[in-house]
Amino acid sequence: MAKPVSRFVCQHCGAAYSKWIGRCEACGEWNTLVEEAVEARPGAPRAGSAKRVAFVGLQGGAAPPPREMVGIAELDRVLGGGFVPASVVLVGGDPGIGKSTLMLQAAATLARAGKRVRYVSGEESIDQIRLRARRLGLEDAALELAAAINVRDIAAALEGERDLGLVVIDSIQTMWLDTVESAPGSVSQVRAAGFELIRLAKARGFALVLVGHVTKEGAIAGPRVLEHMVDAVLYFEGDRGHQFRILRAVKNRFGATDEIGVFEMTEAGLAEVPNPSALFLAERRGNIAGSAVFAGLEGTRPVLVEVQALLAPNSGGSPRRSVVGWDSGRLAMLLAVLDSRAGLRLSGSDVYLNVAGGLRVNEPAADLAVAAALASAATETPASPGLVYFGEVGLSGEVRQVAQAEARLKEAQKLGFASACLPRRVGGRKLLAPEGLRLEEIGHLTDLVAAFTGKRAAAN
Ligand SMILES: [Zn+2]
């Protein structure tokens, strides 16, 4: 049987097919298949060429890899304590979100600290990068710049170097390897170019950053095929309507995942936000129905955010459920539980839910705050000012324990909150609440709804 000379590769997920189909069977995307030449396979293994693999015991081993702290604390935290030599980091995010700005700042900061740093741009000209550096006040940094897309040329420039600290490739989608017969940005090119650059980083011992553009759906298209080849994957999130950006680790061989770094987009580039809670709560107005503060946790860091709910009478048809910053399936579940377990009927209303500030909350611990915002909106009764919520809600309406209650309480107190509504403790370790913070422990959603209806009755 003759070997196929080309194949059809999904540009969304990287699945390969022998013939063209309209819809990728692996990821379900339409019209994402592109014909690509099959890469040359290495020849059949020669007999007798194998070396025996040496096995060793569990004892002994190398010291933890030394790290290169960048000096931008929010970035260092997400990296797990700076860059590890000979490691590869993929930085993904929407085009225009600020990846190049952040990486230029990181590169220049390291260069200022005396490290040799090279920045290769396939997107912008040298003049454009210099202009940006001037705008960011970084033009004095001894950064080595190049505008190039040919990986072979870039590799030749890096090959002989031994004291490089960091190399940034911006972006991997513009890189091109002449041995692969498809266009830059295609899965084959991204994979081949990525492989070549990663090999160099490992061989020469420099830390490598690959910048990759992501589609709005959140998946790294194209660069996604690199996810398993790199040591860490960081996503740069946020929407362009908001001034802050969140850097999130989704994979990290040298540190914890789910760690976030928060930045604010300013005239002078991305500024660190050491206290994100204060930023997320900055525009909160007290005493408004439909608002509740969630004491959340991002990685190891407690973050307070405001959850807002708006109910509108449904004008016929199926009611609308619109969610920004939280899971819509989780909202549907919570609405059903509020309805059947706590008697809060919202099936006739359109429900709009928003996590203020553009943060995306993934924790089930937000259930109680969302329920509070909904109950507050439904009863037109504001939650007590100075009250935070956290707790998971089960299908029978019970409020369940969540991790790290003490860290959440501490953050609430630090930001001047006076009380917290949290799951009732049943046995176990005693909760060490910060002094002066009043705790309202509840066991069931009915307690939460009763608190709002009781408050309304008292007001009338
Ligand atoms: Zn696919």
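Here are some questions and answers about the structure above.

Visitor: What kind of model is this, and how are its residues numbered?
Guide: This is a predicted model, where local features need pLDDT of at least 70, side-chain atom pairs count only at pLDDT 80 or more, and totals for chains, interfaces and linings use all residues. Side-chain values use heavy atoms, with hydrogens and water left out, and residues are numbered along each chain as its sequence is written, from 1.

Visitor: Which residues hold the zinc ion as protein donors?
Guide: Donors are N, O and S atoms within 2.8 Å of the metal (3.2 Å for Na, K and Ca); water is not among the atoms, so sites may look incomplete. Here the donor atoms lie 2.3 Å from the zinc ion. Their residues follow the spacing C-x2-C-x10-C-x2-C in sequence. The donors are the SG atoms of Cys10, Cys13, Cys24 and Cys27.

Visitor: What is the arrangement of the four donor atoms around the zinc ion?
Guide: Four donors count as tetrahedral if all angles lie between 85 and 135 degrees; four count as square planar and six as octahedral if opposite donors are over 155 degrees apart and all others between 65 and 115; anything else is irregular. Around this zinc ion the angles are 108 to 112°, so the arrangement is tetrahedral.

Visitor: Is cysteine 24 buried or exposed?
Guide: Buried means under 20% relative accessible area, exposed over 50%, and partly exposed in between (1.4 Å probe, protein chains only). Cysteine 27 has 26%, so it counts as partly exposed. Cysteine 24 has 2%, so it is buried.

Visitor: In what order do the seven strands of the open sheet stand?
Guide: Strands (E, at least two residues) and helices (H or I, at least four) are DSSP runs, numbered from the N terminus. Two strands pair if DSSP finds at least two bridges between them. The edge strands, E15 (321-324) and E21 (438-442), each pair on one side only. The pairing in this sheet is mixed, and the order is E15-E16-E14-E13-E17-E20-E21.

Visitor: Which residue in E16 stands opposite valine 324?
Guide: Strands of a sheet pair through backbone hydrogen bonds, either parallel or antiparallel. E15 and E16 (residues 349-355) pair in the parallel sense, over four bridges. Opposite valine 324 stands asparagine 354.

Visitor: Which helix lies across E13, E14, E16, E17, E20 and E21?
Guide: Contact means heavy atoms within 4.5 Å. Axes are lines fitted to C-alpha atoms, for helices over the stretch in contact, and angles run from 0 to 180 degrees between N-to-C directions. The helix spans residues 367-379 and runs at about 35° to E14. It is H8.

Visitor: How many salt bridges does a search of the whole structure find?
Guide: A salt bridge is a side-chain nitrogen of Lys or Arg within 4 Å of a carboxyl oxygen of Asp or Glu. One of them joins arginine 152 and aspartate 178, at 2.8 Å from N to O. Arginine 152 sits in helix H4, and aspartate 178 in the loop between E7 and helix H5 (187-204). The search finds 24.

Visitor: Which residue forms a salt bridge with arginine 118?
Guide: Arginine 118 has a relative accessible area of 15%, so it is buried. The closest N and O atoms of the pair are 3.4 Å apart. Arg118 also belongs to a network of salt bridges with Arg116, Glu144, Glu161 and Asp163. Its partner in the pair is glutamate 161.

Visitor: How many residues apart in sequence are the parts tied together by arginine 330 and glutamate 392?
Guide: The two residues form a salt bridge, with their closest N and O atoms 3.8 Å apart. Arginine 330 lies in helix H7 (residues 328-342) and glutamate 392 in strand E18 (residues 392-393), so the pair ties together parts whose separation is 62 residues.

Visitor: Which peptide bond is cis?
Guide: Most residues other than glycine have a negative phi, and most peptide bonds are trans. Serine 171, in the loop between E7 and H5, takes part in a bond with omega near 0°. The cis bond runs from aspartate 170 to serine 171.

Visitor: What is the phi of asparagine 31?
Guide: Asparagine 31 is found in the loop between E2 (16-17) and E3 (33-37). At 58% relative accessibility, it counts as exposed. It is not a glycine, yet its phi is positive, at about 55°.
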